[in-house]
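Good morning, and thank you for the time.

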Protein chains: 2
Amino acid sequence: MLGRPFLALGLLLCGLSGVEFIFAALDATVSDENWQGFLISAIMSGLIGVGLVSAFWSAAHDKHFDLRSGFILTALSWTVFPLMASFPFFFSDLDISLTDAVFETISGVTTTGSTVLTDLDHLDPMLLLWRSVLQWIGGVGIILMAVLMMPFLRIGGMQLFQLESSARSETGLHTRPGALIRDIAALYVALTLLCAACFSIAGMSAFDALNHSMSTLATGGYSTHDASLGYFNNAAIYWVAIIFMAAAALPFMMYLRAIKEGPRIIASDPQAPLFLLMLVGMWLIGAAFLNEGGDYFTTLTRVAVNVTSVITTTGFASEDYQLWGAGFIGFFFALTFFGGCAGSTSGAIKIYRLQLLGLYAGAHLRRLHSPSIVQATTYGGVKLDRETGLSVLAFLALFVGAFSVGAFALALTGLDFPTALSASATALCNVGPGLGAVIGPAGNFSTLPDLAKWILLGLMLLGRLELFALLVLFDPYFWR
Amino acid sequence: MLGRPFLALGLLLCGLSGVEFIFAALDATVSDENWQGFLISAIMSGLIGVGLVSAFWSAAHDKHFDLRSGFILTALSWTVFPLMASFPFFFSDLDISLTDAVFETISGVTTTGSTVLTDLDHLDPMLLLWRSVLQWIGGVGIILMAVLMMPFLRIGGMQLFQLESSARSETGLHTRPGALIRDIAALYVALTLLCAACFSIAGMSAFDALNHSMSTLATGGYSTHDASLGYFNNAAIYWVAIIFMAAAALPFMMYLRAIKEGPRIIASDPQAPLFLLMLVGMWLIGAAFLNEGGDYFTTLTRVAVNVTSVITTTGFASEDYQLWGAGFIGFFFALTFFGGCAGSTSGAIKIYRLQLLGLYAGAHLRRLHSPSIVQATTYGGVKLDRETGLSVLAFLALFVGAFSVGAFALALTGLDFPTALSASATALCNVGPGLGAVIGPAGNFSTLPDLAKWILLGLMLLGRLELFALLVLFDPYFWR
Ligand SMILES: [K+]
Ligand SMILES: [K+]
């Protein structure tokens with residue numbers, strides 16, 4: 001049960017070590033500030049990685065990959081990997097605690113983007129790039145998880161997105177995922193480069209364009225400036241961000257199909273049209289309520305960049321939208337929970353679960369007053385059975401439960417009421433900025449108590465792994 | 001489909017008219033302030049009641065009472081009845097708007113207990129008694145609904161509480177509920193009188209004891225004083241309130257069974273032991289965090305009376321517990337959602353739904369990693385099937401959805417963030433007081449905009465009728 005997951009983790013850490021070696025070399029060349037930290041981290045990751053690979057090499061020939069191995073691999077790669085990846089921060093000239101280093105890293109790989117670092121504008125550029133790369137890797141990691149792993153693990157309704165072409169049984173993953181991984185990775189790289197080119201044309205420096213394109217495609221939200229996107233104060237840059245944040249929140253499998261079968265496939269996708277409609281709808285609602293003068297295009301741009309950022313769970317900000325009025329605080333708090341499409345890099349509840357809630361609640365309502373009605377409901381061509389309904393609804397209930405317990409625990413660490421609520425929401429939904437003076441879009445998480453930071457880390461991981469992938473490990477039966 | 005519901009509504013209004021005539025006579029004798037208002041209201045209710053009864057008298061012989069009639073009767077009796085019952089406020093010397101009169105009445109019959117009236121201490125005693133009676137009627141109304149109607153309508157998991165002795169089919173209510181109504185009403189009256197006697201012995205005036213006993217048994221929370229229970233500042237009164245609030249949040253069918261089969265039945269009730277355990281647990285947690293000096297018994301009393309009040313959704317307050325510290329605001333906000341047991345007068349989510357969420361989420365978790373496990377789970381001796389699971393989980397998801405939409409709509413009317421959140425929660429959960437300076441335990445709902453009051457009324461009714469009983473009417477298929 002443990003062989004293949006540990007082998008895979010070992011390979012991941014070897015990969016991490018390689019990237020850290022490259023960063024050590026680059027840092028020595030470019031800024032000469034933190035190459036020692038990257039080098040130490042590279043050696044540590046490499047030693048543990050090689051150790052795991054050689055210890056579990058025999059498992060490579062084990063063809064059996066069962067459900068429990070899948071869950072263990074998932075948990076290992078999203079906890080041990082970021083712990084190891086936090087050492088470049090810890091051994092840097094930032095002089096931060098291990099808690100802060102781990103916070104920054106898990107906030108990165110989960111593509112949450114809450115930061116404890118200040119004065120980003122004067123940071124070692126290689127550390128800024130390290131943050132962006134962590135988000136970028138986390139982003140493609142979650143797409144691959146969503147496409148290859150989650151449907152197999154049948155988490156939170158993700159079984160609806162099983163690949164038609166794959167012949168999976170309930171007990172094993174029989175398809176060769178190599179080609180699919182290659183296609184998704186190629187698409188991810190291509191979109192990132194396209195985004196970087198657009199940012200650059202719109203006026204960013206090459207370094208800023210590279211960093212922001214990586215955190216945009218990851219819907220991560222790490223920036224190279226304390227003022228986030230607001231630093232640029234440039235409508236062209238805002239619209240490039242809007243378009244690519246939205247693109248990153250759409251299902252990546254849809255792109256692959258559109259490339260093969262033509263772009264008309266997008267209209268028949270079960271999620272994309274509704275998501276885009278909702279997105280534009282929220283722009284228009286926001287713009288209708290924001291009465292601060294200026295022409296409509298300027299208002300729409302201001303609203304669109306911040307609304308898109310929160311709905312897609314990216315977390316960039318162009319300004320402190322809390323100052324737009326009391327109604328907007330509730331508005332942005334509500335938007336935190338939406339999220340993009342399944343199979344994208346974005347987090348939170350996601351549009352398909354809201355659709356399924358509507359379908360199941362409607363069907364339930366109808367059965368209440370007319371029990372004899374026979375209803376066959378489908379979603380994206382897949383028949384909706386009760387098992388899927390339980391899966392989605394249990395997800396929603398537990399999601400709210402995790403948010404509530406999180407907010408409650410955060411309040412006990414001394415956070416005030418709106419800060420505790422929004423911190424729990426923004427961490428669980430992997431958005432990034434919260435509300436209030438401390439952790440708002442103009443704020444920073446560095447002053448929170450350490451305990452609060454660890455609670456937030458737990459919420460980020462819970463949210464990113466769709467709750468159940470992590471919670472199964474706490475079921476005593478799992479280990480029997 | 002409409003005959004029997006309208007006949008029943010007519011009978012209800014005739015009853016209302018009778019009570020209003022009695023109040024007119026009493027007011028003329030006691031205070032001589034508002035007997036005209038009660039008289040006008042009595043005549044209006046009587047005319048409409050008699051009109052409906054004579055128009056639909058032929059339906060009395062219609063033996064068929066189907067699901068849709070049940071839903072229509074439910075909706076009619078919880079909207080038209082309180083509208084008619086609001087006239088004594090509107091035609092009184094309070095000089096309040098129709099919105100405020102309706103707010104006070106629906107807040108009464110739904111046993112929410114949010115008030116728009118100020119200076120209660122100097123109000124016409126007959127109006128105070130009218131408020132208490134509205135809550136008291138609403139309280140017994142919801143118990144009868146929960147025992148006789150909800151399991152038949154299969155709302156939000158209530159099908160688990162079908163009476164074993166009744167032989168119901170899916171199409172009709174075949175049992176004679178007369179004896180059961182009589183037993184429950186007798187028990188309700190007896191508990192109210194016992195509570196009034198205890199309040200009186202503990203130090204209340206006879207009038208206060210009567211009013212508070214009615215709003216305690218209803219878990220309603222209307223008081224005869226602006227300072228609520230805090231007016232008395234008397235530990236004996238607090239403990240009487242604690243015991244009877246808790247008693248009112250336990251299943252009334254359990255009492256009837258305990259009377260017949262002995263008190264040992266209580267230990268085997270699926271809800272009661274866990275509820276009482278949770279209640280005492282919350283007392284101890286609260287008392288552990290409340291460090292304001294004083295002996296432990298005083299601290300425990302202060303915590304217990306307010307915690308019990310919120311958990312049972314009564315809404316009495318002995319002081320402004322928001323001053324106990326930032327953590328307590330989140331604590332009381334969280335407690336708002338709990339609620340008592342199904343088949344009691346209390347509202348909110350209720351303990352059995354939290355138990356079922358745990359059971360279903362646990363079973364789901366187990367099936368995720370071990371799909372071949374066969375699990376048969378029961379609750380209170382009833383086998384849990386997927387249909388019940390969908391019913392409970394859809395309830396939970398929609399409950400959160402209603403809370404969120406409510407908070408959002410309230411924020412748009414101009415309420416600040418914590419006020420909007422807690423107002424939505426306290427209305428939907430039928431608790432009464434919210435958080436913040438305006439609607440907190442020391443506050444009052446009178447200054448809210450009219451639109452906010454109507455939104456809150458909608459939430460109170462949604463919460464009281466377990467969402468689905470009201471939502472089915474908005475399904476176009478319902479009317480075909
Ligand atoms: K993010
Ligand atoms: K109440």
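Let me begin with a term: a polar contact here is a pair of N or O atoms within 3.5 Å, where, within protein, one must be able to donate a hydrogen and the other to accept it. Please keep in mind that this is a predicted model. By that definition, 10 residue pairs are in polar contact between chain A and chain B, both residues of each pair being at pLDDT 80 or more.

Which helices of chain A supply at least two residues each to the side that touches chain B? They are α3 (67-85), α13 (326-335), α14 (351-369), α15 (386-412), α16 (417-428) and α19 (468-471). The most comes from α15(A), which gives 14 residues to that side.

One of the salt bridges joins A:R386 to B:E387, with the closest N and O atoms 3.0 Å apart.

Turning to the extent of the contact, chain A contributes 50 residues and chain B contributes 50 residues. Between them the two chains bury about 4,700 Å², and 75% of this lies on carbon and sulfur atoms. On the side of chain A, the most area is lost to chain B by A:L368, A:H369 and A:F417, which together account for 16% of what that side buries.

How are the copies arranged? Chain A is superposed on chain B by a rotation of 180° with 0.0 Å of shift along the axis, at an RMSD of 0.0 Å. The two copies are therefore related as by a two-fold rotation axis. Of the interface residues of chain A, 98% are also interface residues in chain B, so the copies meet through the same surface.

I move now to the ion. The potassium ion (ligand 1) is coordinated at 2.5 to 2.9 Å by the O atoms of A:T111, A:T112, A:T219, A:G220, A:T313, A:T314, A:N430 and A:V431. Along the sequence, the spacing of these donor residues reads T-T-x106-T-G-x92-T-T-x115-N-V.

Finally, a residue of chain B. B:V140 lies in helix α6 (residues 125-153) of that chain, and its relative accessibility of 17% is under the 20% cut-off, so B:V140 counts as buried. The C-alpha atoms of B:V140 and B:V109 are 9.8 Å apart, with the two residues 31 residues apart along the chain.

Note on methods: Residues are numbered from 1 along each chain as its sequence is written. Chains are lettered from A and ligands numbered from 1 in the order in which they are written. This is a predicted model: local features need pLDDT of at least 70, side-chain atom pairs count only at pLDDT 80 or more; totals for chains, interfaces and linings use all residues. Side-chain values use heavy atoms; hydrogens and water are left out. Copies are superposed by least squares on the C-alpha atoms of residues with pLDDT of at least 70 in both. Contact means heavy atoms within 4.5 Å. Donors are N, O and S atoms within 2.8 Å of the metal (3.2 Å for Na, K and Ca); water is not among the atoms, so sites may look incomplete. Buried area is the accessible area (1.4 Å probe) that two parts lose on being put together, summed over both. A salt bridge is a side-chain nitrogen of Lys or Arg within 4 Å of a carboxyl oxygen of Asp or Glu. A polar contact is a pair of N or O atoms within 3.5 Å; within protein, one must be able to donate a hydrogen and the other to accept it, and residues adjacent in sequence count only if both atoms are side-chain atoms. Helices (H or I, at least four residues) and strands (E, at least two) are DSSP runs, numbered from the N terminus. Buried means under 20% relative accessible area, exposed over 50%, partly exposed in between (1.4 Å probe, protein chains only).
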